[in-house]
Amino acid sequence: MSSSPRLRSLNIDNINPHVKEAKYAVRGELATRAEKYRGRLAKGYPPSPPEETLPFDKVISANIGNPQQLDQKPITFFRQVLSILEYPGLLEKEEALKSAFGYKDDVIARAKWLLNEVRSVGAYSVSQGVPGIRESVAKFIERRDGYPADPAQVFLSAGASSGVNTLMHIICSKPETGILVPIPQYPLYTATLSLLNARCVPYYLDEGKAWGTDMGAIRDALKKAKSEGTDVRAIVVINPGNPTGASLAAEDVRSVLEFAAEEKLVVLGDEVYQTNVFKGKFNSFKKGLRDLQKEVPGKYDNLELASLHSISKGMVGECGHRGGYFELIGFDPEVAAEIVKFVSISLCAPVIGQCLVEMMVNPPKEGEPSYPLYKQEYDGIFQGLQKRATALYDAFSQMEGVGCEEPQGSMYLFPTITVPKKGIEQGKKEGRSPDEFYASRLLDATGVCVVPGSGFGQKPGTLHFRTTFLAPGTEWVGKITKFHEKFMDEFRD
């Protein structure tokens with residue numbers, strides 16, 4: 001043991017071990033390297049010695065669902081209202097806003113209403129969220145599902161991630177607590193469970209059935225966890241899926257709810273991609289539950305469901321403003337009171353984000369002045385996403401050793417890849433798994449940053465990567481195709 005004096009209180013050996021254990025591949029080593037490349041490119045050409053010229057002129061951050069970083073334009077109505085909320089003095093020049101800047105009457109009216117509700121976006125709100133905005137959320141849920149929603153059970157949050165963090169803190173009461181999590185999954189869930197020193201109980205989605213839920217696999221995972229002493233308390237379902245893009249049929253939603261009621265599990269419905277559906281339609285867990293309760297009175301009254309939504313995805317794409325909500329259904333009032341206490345510790349979600357939630361759930365309606373432009377922008381974003389998803393899918397379908405499910409929803413594709421034996425061996429030499437090696441080579445050659453499938457979990461013996469289809473144009477898709485061809489030739493057995 002060293003006798004030298006300690007220079008600092010903290011070192012890598014004495015910090016919280018659960019933080020070190022947590023992994024979040026979406027912003028992992030490849031994403032960090034991509035940002036370094038972006039910084040080098042920003043310096044311009046020629047590069048400063050000893051740096052070498054990069055083989056690409058821009059970085060495509062296909063690793064994360066961050067729409068506006070990839071040039072998705074914000075909705076005009078939303079940003080016009082926000083400008084007034086941030087600087088209410090603009091209301092002293094209403095006519096100038098209309099004549100010189102094109103603000104419509106409904107923009108000004110919405111800003112005035114929101115200012116009346118929040119007073120100032122620079123002030124804290126009540127911890128659960130601005131009451132008037134929670135009422136708007138409840139009305140949206142009722143319009144969507146055809147069943148009433150209670151504003152008192154709606155919590156406004158700093159994005160859906162904050163809601164997940166809140167709910168998992170409430171659920172995870174001891175190290176033996178387990179939560180069923182789909183594999184592949186968004187790594188928020190496994191990372192949060194690591195931080196809480198709780199257990200992830202993985203259940204595999206069925207790639208052969210377009211990444212649908214497999215109730216047999218879920219039951220087997222629960223049985224195994226129980227046999228190992230895990231107290232399984234909840235099940236996570238991501239619909240539409242991340243990273244898979246799968247959109248669950250109403251029958252799948254129903255099966256999960258029936259299973260959860262049977263096993264006394266909380267259902268965490270991650271529904272942040274509910275407007276990103278290209279094939280079929282979105283089926284909410286709230287509607288599925290209310291349908292069951294209507295069909296079989298009394299049987300499902302105590303089933304606990306928390307469903308989450310966010311302004312970060314869909315056609316809104318306002319990730320940086322950090323807004324979202326979750327709705328509680330069937331929770332014990334004393335538990336709900338503890339959730340209120342928990343969110344109170346963080347005071348409140350960003351108020352500007354709360355206001356964006358209100359506009360997301362209550363956008364301009366047909367017949368209102370801002371509606372034509374809103375509809376044009378919304379449809380344009382949706383159609384652009386669908387076009388790029390199709391272009392990526394078509395490209396993957398033609399690539400050697402690559403398989404991909406047809407895009408159904410969300411912002412991602414999760415293709416299966418085959419890495420030749422020589423590539424696997426080279427990856428081992430570099431200390432990388434095969435999918436990490438592939439993604440690393442892809443970034444270095446093209447500037448396209450994707451996430452290895454191992455960051456989300458995958459069945460043993462399979463390899464994948466996740467890519468968004470948010471980046472504008474389709475030129476970058478061609479870069480992936482050319483890279484893949486060269487990669488396969490270089491490492492062909």
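Start by selecting phenylalanine 414 and phenylalanine 456: both are buried, meaning under 20% relative accessible area, with exposed over 50% and partly exposed in between (1.4 Å probe, protein chains only). The model is predicted, so local features need pLDDT of at least 70 and side-chain atom pairs count only at pLDDT 80 or more, while totals for chains, interfaces and linings use all residues. Residues are numbered from 1 along each chain as its sequence is written, and side-chain values use heavy atoms, leaving out hydrogens and water.

Next, select the aromatic residues. The structure holds 18 aromatic pairs; rings of Phe, Tyr and Trp (its six-membered ring) pair if their centres lie within 6.5 Å, and planes under 30 degrees apart count as stacked, over 60 as edge-to-face and the rest as tilted.

Go to helix α14 (residues 371-397), which holds tyrosine 374 and tyrosine 378, four residues apart, or about one turn of the helix. Helices (H or I, at least four residues) and strands (E, at least two) are DSSP runs, numbered from the N terminus. The two ring centres are 5.7 Å apart and the planes are at 45°, so the pair is tilted. Tyrosine 374 is buried at 12% relative accessibility, whereas tyrosine 378, at 22%, is partly exposed.

Return to phenylalanine 414 and phenylalanine 456, an edge-to-face pair with 5.9 Å centre to centre and 85° between the planes. Phenylalanine 414 is in the loop between β9 (412-413) and α15 (421-429), and phenylalanine 456 is in the loop between β11 (451-452) and β12 (465-468), 42 residues apart.

Finally, select Phe396, Phe437, Tyr438, Phe465, Phe483, Phe487 and Phe491, which ring pairs link into a cluster.
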